[in-house]
Amino acid sequence: MIQIRKLKQDEQPPWELLLLADPSRMIVESYLKRGVVYVGEESGDTIGVIVLKETAKVVVEIMNIAVQQSSQNKGVGKQLIAHAIEETSKRGYARLEIGTGNSSIHQLKLYQQCGFRIVGVDFDYFIRSYDEPIYENGLLCRDMIRLCYTFES
Ligand code: COA
(Lines give C-alpha, C1' and ligand atoms only; values in the text may rest on other atoms or scores of the structure.)
Protein backbone atom coordinates (compact mmCIF):
# COMPACT_ATOMS: atom_id res chain seq x y z
CA MET A 1 0.00 0.00 0.00
CA ILE A 2 1.14 3.52 -0.72
CA GLN A 3 0.54 6.55 1.49
CA ILE A 4 -1.58 9.26 -0.14
CA ARG A 5 -1.47 12.85 1.14
CA LYS A 6 -2.36 16.35 0.02
CA LEU A 7 0.61 18.36 -1.23
CA LYS A 8 1.30 21.40 0.99
CA GLN A 9 1.06 24.93 -0.46
CA ASP A 10 4.82 25.51 -0.13
CA GLU A 11 5.84 22.17 -1.70
CA GLN A 12 6.95 21.81 -5.33
CA PRO A 13 4.50 19.78 -7.42
CA PRO A 14 6.02 16.57 -8.91
CA TRP A 15 6.54 18.01 -12.41
CA GLU A 16 8.10 14.92 -13.95
CA LEU A 17 5.00 12.89 -13.09
CA LEU A 18 2.52 15.60 -14.07
CA LEU A 19 4.14 15.94 -17.51
CA LEU A 20 3.96 12.18 -18.01
CA ALA A 21 0.17 12.48 -18.11
CA ASP A 22 -0.01 15.82 -19.89
CA PRO A 23 2.79 17.05 -22.16
CA SER A 24 1.74 20.72 -21.98
CA ARG A 25 3.33 22.52 -19.02
CA MET A 26 1.13 25.53 -19.79
CA ILE A 27 -2.09 23.49 -19.51
CA VAL A 28 -0.88 21.78 -16.30
CA GLU A 29 0.04 25.15 -14.75
CA SER A 30 -3.43 26.49 -15.55
CA TYR A 31 -5.24 23.75 -13.63
CA LEU A 32 -2.73 23.59 -10.77
CA LYS A 33 -3.77 27.15 -9.80
CA ARG A 34 -7.17 25.96 -8.57
CA GLY A 35 -6.54 22.24 -8.28
CA VAL A 36 -5.79 20.10 -5.24
CA VAL A 37 -2.71 17.91 -5.63
CA TYR A 38 -2.42 14.53 -3.89
CA VAL A 39 0.82 12.57 -3.97
CA GLY A 40 1.28 8.84 -3.50
CA GLU A 41 4.40 7.92 -1.56
CA GLU A 42 6.29 4.71 -0.95
CA SER A 43 9.19 4.67 1.53
CA GLY A 44 9.27 8.49 1.35
CA ASP A 45 9.51 8.62 -2.47
CA THR A 46 6.78 10.21 -4.56
CA ILE A 47 5.65 7.56 -7.03
CA GLY A 48 2.24 8.89 -8.05
CA VAL A 49 0.13 12.01 -8.36
CA ILE A 50 -3.52 12.88 -8.85
CA VAL A 51 -4.95 16.38 -9.30
CA LEU A 52 -8.59 17.18 -8.51
CA LYS A 53 -10.39 20.37 -9.43
CA GLU A 54 -13.96 21.53 -8.82
CA THR A 55 -15.39 22.32 -12.25
CA ALA A 56 -19.00 23.03 -11.19
CA LYS A 57 -20.83 23.28 -7.87
CA VAL A 58 -21.41 19.51 -7.64
CA VAL A 59 -18.69 18.27 -9.99
CA VAL A 60 -14.99 17.48 -9.50
CA GLU A 61 -12.66 16.51 -12.34
CA ILE A 62 -9.49 14.42 -12.20
CA MET A 63 -7.25 16.78 -14.18
CA ASN A 64 -4.11 14.64 -14.03
CA ILE A 65 -3.10 11.18 -12.82
CA ALA A 66 0.33 9.62 -13.21
CA VAL A 67 2.41 6.84 -11.72
CA GLN A 68 6.17 6.64 -12.23
CA GLN A 69 7.07 4.11 -14.90
CA SER A 70 8.81 1.57 -12.63
CA SER A 71 5.74 1.44 -10.34
CA GLN A 72 3.08 1.15 -13.06
CA ASN A 73 0.77 -1.85 -13.40
CA LYS A 74 0.95 -2.70 -9.69
CA GLY A 75 -2.35 -1.16 -8.63
CA VAL A 76 -1.07 2.31 -7.65
CA GLY A 77 -3.28 4.05 -10.24
CA LYS A 78 -6.32 2.22 -8.85
CA GLN A 79 -5.42 3.33 -5.31
CA LEU A 80 -5.11 6.97 -6.40
CA ILE A 81 -8.50 6.82 -8.13
CA ALA A 82 -10.11 5.10 -5.11
CA HIS A 83 -8.74 7.94 -2.95
CA ALA A 84 -10.20 10.56 -5.32
CA ILE A 85 -13.60 8.82 -5.24
CA GLU A 86 -13.53 8.71 -1.42
CA GLU A 87 -12.49 12.38 -1.01
CA THR A 88 -15.08 13.60 -3.53
CA SER A 89 -17.86 11.51 -2.03
CA LYS A 90 -17.03 12.68 1.53
CA ARG A 91 -17.37 16.31 0.44
CA GLY A 92 -20.86 15.73 -0.96
CA TYR A 93 -20.20 16.14 -4.69
CA ALA A 94 -22.54 14.43 -7.15
CA ARG A 95 -20.03 13.47 -9.85
CA LEU A 96 -16.35 12.81 -10.46
CA GLU A 97 -15.26 13.21 -14.07
CA ILE A 98 -12.18 12.42 -16.13
CA GLY A 99 -11.21 12.91 -19.75
CA THR A 100 -8.74 10.84 -21.74
CA GLY A 101 -7.61 10.41 -25.33
CA ASN A 102 -9.25 8.06 -27.79
CA SER A 103 -5.81 6.41 -28.12
CA SER A 104 -5.35 5.85 -24.35
CA ILE A 105 -6.57 2.27 -24.44
CA HIS A 106 -5.17 1.14 -21.04
CA GLN A 107 -6.46 4.25 -19.29
CA LEU A 108 -9.95 3.72 -20.76
CA LYS A 109 -9.87 0.18 -19.37
CA LEU A 110 -8.63 1.35 -15.95
CA TYR A 111 -11.24 4.09 -15.53
CA GLN A 112 -14.09 1.73 -16.46
CA GLN A 113 -12.71 -0.89 -14.02
CA CYS A 114 -12.91 1.83 -11.35
CA GLY A 115 -16.60 2.46 -12.06
CA PHE A 116 -16.48 5.34 -14.55
CA ARG A 117 -18.80 5.28 -17.56
CA ILE A 118 -18.34 6.97 -20.91
CA VAL A 119 -20.65 9.98 -21.15
CA GLY A 120 -19.39 11.89 -24.15
CA VAL A 121 -16.78 12.78 -26.73
CA ASP A 122 -15.10 16.16 -27.20
CA PHE A 123 -14.27 15.81 -30.87
CA ASP A 124 -10.82 17.05 -31.99
CA TYR A 125 -10.00 18.36 -28.47
CA PHE A 126 -6.34 17.27 -28.72
CA ILE A 127 -5.94 18.68 -32.25
CA ARG A 128 -7.25 22.05 -31.01
CA SER A 129 -5.31 22.14 -27.72
CA TYR A 130 -1.81 20.76 -28.46
CA ASP A 131 0.80 22.08 -30.92
CA GLU A 132 2.31 18.67 -31.69
CA PRO A 133 0.34 15.58 -32.77
CA ILE A 134 0.20 12.84 -30.10
CA TYR A 135 0.42 9.17 -31.16
CA GLU A 136 -0.25 6.25 -28.79
CA ASN A 137 -0.87 2.57 -29.44
CA GLY A 138 -0.65 3.20 -33.18
CA LEU A 139 -3.44 5.77 -33.08
CA LEU A 140 -3.58 9.54 -33.48
CA CYS A 141 -4.93 11.04 -30.28
CA ARG A 142 -7.58 13.47 -31.47
CA ASP A 143 -10.79 13.13 -29.46
CA MET A 144 -11.25 13.42 -25.69
CA ILE A 145 -13.42 10.64 -24.25
CA ARG A 146 -15.32 11.98 -21.25
CA LEU A 147 -16.07 9.55 -18.38
CA CYS A 148 -18.06 10.05 -15.22
CA TYR A 149 -18.40 8.37 -11.80
CA THR A 150 -21.78 9.17 -10.27
CA PHE A 151 -22.34 9.03 -6.50
CA GLU A 152 -25.57 7.59 -5.23
CA SER A 153 -27.70 10.17 -3.47
N1 COA B 1 -0.24 -1.77 -20.09
C2 COA B 1 -1.21 -2.68 -19.86
N3 COA B 1 -2.20 -2.51 -18.97
C4 COA B 1 -2.19 -1.39 -18.23
C5 COA B 1 -1.19 -0.42 -18.39
C6 COA B 1 -0.20 -0.63 -19.37
N7 COA B 1 0.77 0.27 -19.58
N8 COA B 1 -1.44 0.58 -17.51
C9 COA B 1 -2.55 0.22 -16.83
N10 COA B 1 -3.01 -0.97 -17.26
C11 COA B 1 -4.19 -1.66 -16.82
C12 COA B 1 -3.80 -2.89 -16.06
O13 COA B 1 -4.08 -3.97 -16.92
C14 COA B 1 -4.70 -2.90 -14.85
O15 COA B 1 -5.76 -3.74 -15.08
P16 COA B 1 -5.86 -5.12 -14.26
O17 COA B 1 -6.00 -4.72 -12.80
O18 COA B 1 -7.07 -5.77 -14.84
O19 COA B 1 -4.59 -5.85 -14.53
C20 COA B 1 -5.30 -1.53 -14.74
O21 COA B 1 -4.92 -0.80 -15.91
C22 COA B 1 -4.90 -0.80 -13.45
O23 COA B 1 -3.57 -0.64 -13.37
P24 COA B 1 -2.86 0.10 -12.16
O25 COA B 1 -1.64 -0.72 -11.86
O26 COA B 1 -3.75 0.44 -11.03
O27 COA B 1 -2.47 1.44 -12.90
P28 COA B 1 -1.06 2.18 -12.83
O29 COA B 1 -0.55 2.25 -11.46
O30 COA B 1 -0.16 1.65 -13.88
O31 COA B 1 -1.52 3.66 -13.24
C32 COA B 1 -1.72 5.19 -15.06
C33 COA B 1 -2.24 3.89 -14.44
C34 COA B 1 -2.55 5.46 -16.32
C35 COA B 1 -1.90 6.35 -14.08
C36 COA B 1 -0.22 4.97 -15.40
O37 COA B 1 -0.08 3.95 -16.34
C38 COA B 1 0.48 6.23 -15.92
O39 COA B 1 0.98 7.05 -15.15
N40 COA B 1 0.52 6.40 -17.25
C41 COA B 1 1.17 7.57 -17.85
C42 COA B 1 0.39 8.83 -17.58
C43 COA B 1 -1.04 8.77 -18.09
O44 COA B 1 -1.30 8.24 -19.17
N45 COA B 1 -1.98 9.34 -17.30
C46 COA B 1 -3.38 9.36 -17.63
C47 COA B 1 -3.70 10.42 -18.62
S48 COA B 1 -5.42 10.35 -19.05
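Where does the ligand sit?

1. The ligand sits in the largest pocket. A pocket here is an open set of points on a 1 Å grid over the protein atoms alone, with protein on both sides within 12 Å along at least five of seven lines; a molecule sits in one if more than half of its atoms lie within 2 Å of its grid points.

2. Before going further, note that this is a predicted model, where local features need pLDDT of at least 70, side-chain atom pairs count only at pLDDT 80 or more, and totals for chains, interfaces and linings use all residues. Residues are numbered from 1 along each chain as its sequence is written, and side-chain values use heavy atoms, with hydrogens and water left out.

3. Now for the ligand's neighbours. There are 19 residues around the ligand, and Val67, Asn73, Gly75, Lys78 and Gln107 come nearest (around means that a heavy atom of the residue lies within 4 Å of the molecule). H4 gives the largest share of this shell, 6 residues.

4. Next, the polar contacts (pairs of N or O atoms within 3.5 Å). An oxygen atom of the ligand lies 2.7 Å from a backbone N or O atom of Gly77. The side chain of Lys78 has an N or O atom 2.7 Å from a ligand oxygen, and for the side chain of Gln113 the distance is 2.8 Å. On its own the ligand has 900 Å² of accessible area, and the protein covers 76% of that (Shrake-Rupley method, 1.4 Å probe).

5. Asn73 deserves a look of its own. This residue is in the loop between strand E4 (59-67) and helix H3 (76-90); helices (H or I, at least four residues) and strands (E, at least two) are DSSP runs, numbered from the N terminus. Phi of Asn73 is near 70°, a positive value in a residue other than glycine. Asn73 counts as exposed because its relative accessibility is 85% (exposed is over 50%, buried under 20%, partly exposed in between, with a 1.4 Å probe and protein chains only).

6. Asn137 also has a positive phi, near 50°. You'll find Asn137 in the loop between strand E7 (135-136) and strand E8 (139-140), and at 47% relative accessible area this residue is partly exposed.

7. Last, the cysteines. The structure holds 0 disulfides (a disulfide is a pair of cysteine sulfur atoms within 2.5 Å). For Cys141, the closest cysteine sulfur, in Cys114, is 20 Å away, so that is too far for a bond. Cys148 is in no disulfide either, with the sulfur of Cys114 nearest at 14 Å. Cys141 is buried at 5% relative accessible area, and Cys148 is buried at 7%.

Technical notes:
Polar contact = N/O pair within 3.5 Å; in protein donor to acceptor, adjacent residues only side chain to side chain. 1 Å grid on protein atoms, 1.4 Å probe; cavity = no way out; pocket = protein on both sides within 12 Å on 5 of 7 lines; lining within 4 Å.
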